[in-house]
Amino acid sequence: MEIKTESRPIEKPRKLVFNRSGSLHYGNNQVCGFWLAGKCNRNPCRFRHVDSLEPRQDQPPQRQPQPKRPPRTSSNGQRSNKFRSTWRNPDLSNPKILAGSSTEGVGAEGKMVHVTNNNVLTSRRAFSVGGSCQKSQKKLCPYWVSGNCVHGEKCKDLHSLFSGSGFSLLTKLQKHSKAVTGIALPSGSDKLFSGSKDNSVCVWDCHTGQCVVTAELGGEIGCLISEGLWVFAGLQNAVKAWNIESRTELVLSGPNGLVHAMDVGEDMLFGGVQDGSILVWKSTSESCSPEPVAFLMGHRLAVLSLVVGANCLYSGSKDESIRVWDLKTLQCLQILNGHKNFVTSVLCWDKFLLSGSLDNRLKVWAATEFGDLEVVNEVEEDNGILALCGIHDAENKPILLCSCKDNSVCLYDLPSFAERGRIYAQEEVQTIAVGCGPLFFTGGAAGELSVWKLHGDASGSVGCS
């Protein structure tokens, strides 16, 4: 039975967002907005500076933190999830898990954690408010790409597919004729899946790099993900699913339009749809096909990105907003309105939510003492942001991959946002995914699928011709 849920934002003060962490306070114990921006010059200040963990004498005492509830477990002691056996992205901390990801057996709980009072202090110091990063001003020489550059080594533009150290290009896989919209490497499989706007899903042999299967789905693929042994492709008015072990094929109905984004959490599959809804499927048994159980309504335009973390679902939309949904009640807890253009990607890392938009801004959000998410850092790119992804290098250092509309992918060290290197493509890189170990994949608007490898901090090739 379909349940249509109309969700509304909670009026301030929003006391239910993240308040299980015990970060909610009484009275007017308000954080100084000028201190958050690094501009407060009052001493003493009548508002709270988070560095001071002791309450002012004229303010009521803080509520004591409550212990976190243990995760729901199955009868064998493992966390129950019919879809999940591995996260799609690697962990980025210790055990700071990047939401929606880790290798199998690593921190299934982690992803994004609730922020207590002490963690708020740590969070705000980890990312400096208003911080900037060192950026490369170079660009790929279009004449070199076509083989017609006459300047040679004197050319001011790059004659290389990437710059920086610590990573290298392994190979390029070419089969699709239009933009690659999704890349997935199922758990325990030696096959890589890619979906495209050319209506096809290609299956690649990881040992030979050859395309072994091409499946025509009769329509544009809006997104592609894998969860355990399952591969899901978002289509027009449907989601198609394959089990790579049993070779079971399912068609999940319900969407009204193209499915742009998907993620899995709490035994549910979430799909962000063109009409602004988020469709929720759930299976009642291992053998039963998942059925639509709810529609999350609230976004006015297409939902472009989804990520699950900290018992919440985060959705980014063309309506320029991010919504926070409770996984238990499927109600909207908070609306984040910081962006000025399409929110193309949302990602959880450590205690933070990262969001990218076509407004050229990469924003870092963290929970305040009162539980609401607010921006604690912002990085301005020269062009709109298309995709975000996270990975560890060979030395276990966290790296953020950020694709932009200038056909480049920047590699940032976290949490400093120092630029490690940059990939230069002939077309926009519209999707990024990670594989086993320090491997990651980029899919371009021209249909090209590239395989990259991260090395240690000081090793790796400088360029590729």
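This is a predicted model: local features need pLDDT of at least 70, side-chain atom pairs count only at pLDDT 80 or more; totals for chains, interfaces and linings use all residues.
Trainee: How many aromatic pairs does the count come to?
Mentor: Rings of Phe, Tyr and Trp (its six-membered ring) pair if their centres lie within 6.5 Å; planes under 30 degrees apart are stacked, over 60 edge-to-face, the rest tilted. By that rule, the count is five.

Trainee: Why is the pair of Trp 349 and Phe 352 stacked?
Mentor: Their ring centres are 5.9 Å apart. The label follows from the angle of the planes, which is 15 degrees.

Trainee: Is Trp 349 buried or exposed?
Mentor: Buried means under 20% relative accessible area, exposed over 50%, and partly exposed in between (1.4 Å probe, protein chains only). Trp 349 has 5% relative accessibility, so it counts as buried.

Trainee: What are the planes of Phe 440 and Trp 452 doing?
Mentor: The ring centres sit 6.2 Å apart. The planes are at 10 degrees, so the pair is stacked.

Trainee: How many disulfides are there?
Mentor: A disulfide needs two cysteine sulfur atoms within 2.5 Å. For Cys 202, the closest cysteine sulfur, in Cys 211, is 4.0 Å away, too far for a bond. Cys 402 has its closest one in Cys 404, at 4.1 Å, also too far. The disulfide count is zero.

Definitions and conventions. Residues are numbered from 1 along each chain as its sequence is written. Side-chain values use heavy atoms; hydrogens and water are left out.
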